[in-house]
Amino acid sequence: MAEWFSNLGLLLKIYWLIAILGSLVFTIVIILAFTGGDADEFEDLDSEIDADAGIGFQFITFKNLVGFFTIFGWSGIACIEAGLSKPLTIIISLFSGIVMMIIMAAMFYLMRKLTDSGTLNYKNAIGAIGEVYLTIGANRSKMGKVSVNVQGSLRELDALTDSLTALKSGTIIKVVDVTNNGILIVDQTIKPIEPIKPHTYEITDNSGGI
């Protein structure tokens with residue numbers, strides 16, 4: 001294997017490394033996505049397109065970039081093996097990677113819409129306490145996501161804030177309002193205090209009886 005790799009050209013070596021690493025991470029991301037795992041810990045890489053309009057279509061995300069490099073690597077290998085020139089190989093692999101990003105962005109967008117659709121009444125979320133899942137920009141500058149319990153189930157919903165500071169992932173929030181297109185308006189709060197369980201005491205006399 002080492003001898004085979006050392007005999008490859010520089011460009012082909014680069015494509016093989018990208019393809020192998022990308023495929024490994026891509027497999028992990030897909031498994032986490034479909035088993036409910038937390039594959040969005042890399043939210044600092046996320047950038048929502050048209051966030052102010054409430055579209056919530058995420059194009060440049062960690063998952064999509066992994067898909068880009070995976071297809072970029074394998075398509076580049078295929079082009080080189082087919083005898084195409086280096087410039088054409090790079091162009092085709094870049095195009096293939098971008099197409100894969102679009103497909104993945106659309107797939108996860110539709111998955112979120114299916115999760116959030118149905119009989120959900122966003123107004124029922126007002127007053128709910130939840131947690132920031134994806135960082136929310138200050139003063140409605142960037143839409144994020146929060147995890148809140150609405151209508152008996154935990155949901156991940158788009159959210160904005162009027163706070164002058166960004167609400168980072170893990171911040172405890174309270175839903176204060178909902179826009180007409182279903183975006184939650186949240187504000188930072190504290191964790192609700194759990195009720196203290198009452199203690200019972202037994203009164204005994206000096207003889208030891210109750």
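Figure 1. Lysine 145 counts as buried, at 4% relative accessibility (buried means under 20% relative accessible area, exposed over 50%, and partly exposed in between, with a 1.4 Å probe and protein chains only). The model is predicted: local features need pLDDT of at least 70, side-chain atom pairs count only at pLDDT 80 or more, and totals for chains, interfaces and linings use all residues. Residues are numbered from 1 along each chain as its sequence is written, and side-chain values use heavy atoms, with hydrogens and water left out. Lysine 145 forms a salt bridge with aspartate 158, the closest N and O atoms being 2.7 Å apart (a salt bridge is a side-chain nitrogen of Lys or Arg within 4 Å of a carboxyl oxygen of Asp or Glu). This pair links distant parts of the chain, with lysine 145 in strand E4 and aspartate 158 in strand E5, 13 residues apart. Aspartate 158 is also buried, with a relative accessible area of 14%.

**Figure 2. The salt bridge between arginine 140 and aspartate 162.** The two side chains meet at 2.7 Å, N to O. Arginine 140 lies in the loop between E3 and E4 and aspartate 162 in the loop between strand E5 (153-161) and E6, so the pair ties together parts that are 22 residues apart in sequence. Arginine 140 is partly exposed, with a relative accessible area of 36%; aspartate 162 is partly exposed at 44%. The count of salt bridges comes to two.

**Figure 3. The barrel and the partners of strand E3.** Five strands close into a barrel in the order E3-E4-E5-E7-E6, with mixed pairing. Neighbouring strands of this sheet are turned by 55 degrees against each other on average, direction ignored (axes are lines fitted to C-alpha atoms, for helices over the stretch in contact, and angles run from 0 to 180 degrees between N-to-C directions). Two strands pair if DSSP finds at least two bridges between them. Strand E3 (residues 129-134) runs antiparallel to strand E6 (residues 172-178), joined by three bridges. Here glutamate 131 stands opposite isoleucine 172, and isoleucine 129 has lysine 174 as its bridge partner. Four bridges join E3 to strand E4 (residues 144-150), also antiparallel; valine 132 is partnered by valine 146.

**Figure 4. The E6-E7 hairpin.** Strands E6 and E7 (residues 184-188) run antiparallel and are joined by five bridges. Aspartate 177 stands opposite isoleucine 185 in E7. Five residues lie between the two strands of the hairpin, and glycine 182 in the turn has a positive phi of about 85 degrees.

Figure 5. The chain has four helices and seven strands (DSSP runs numbered from the N terminus, helices being H or I of at least four residues and strands E of at least two). Isoleucine 28 is found in helix H2 (residues 10-35) and counts as partly exposed, at 46% relative accessibility. Together with Leu24, Val25 and Leu32, Ile28 makes a nonpolar surface patch of about 310 Å² (patches are made of residues with over 30% relative accessible area and no salt bridge, like charges joined within 9 Å and nonpolar side chains, namely Val, Leu, Ile, Met, Phe, Trp and Tyr, within 5 Å; accessible areas come from the Shrake-Rupley method with a 1.4 Å probe, and for residues only the protein chains shown count as cover). The end C-alpha atoms of helix H3 (residues 62-81) are 29 Å apart, which agrees with the 28 Å that its 20 residues should span at 1.5 Å a residue (the expected span is 1.5 Å times one less than the number of residues). Glycine 83, with a positive phi near 85 degrees, follows H3.
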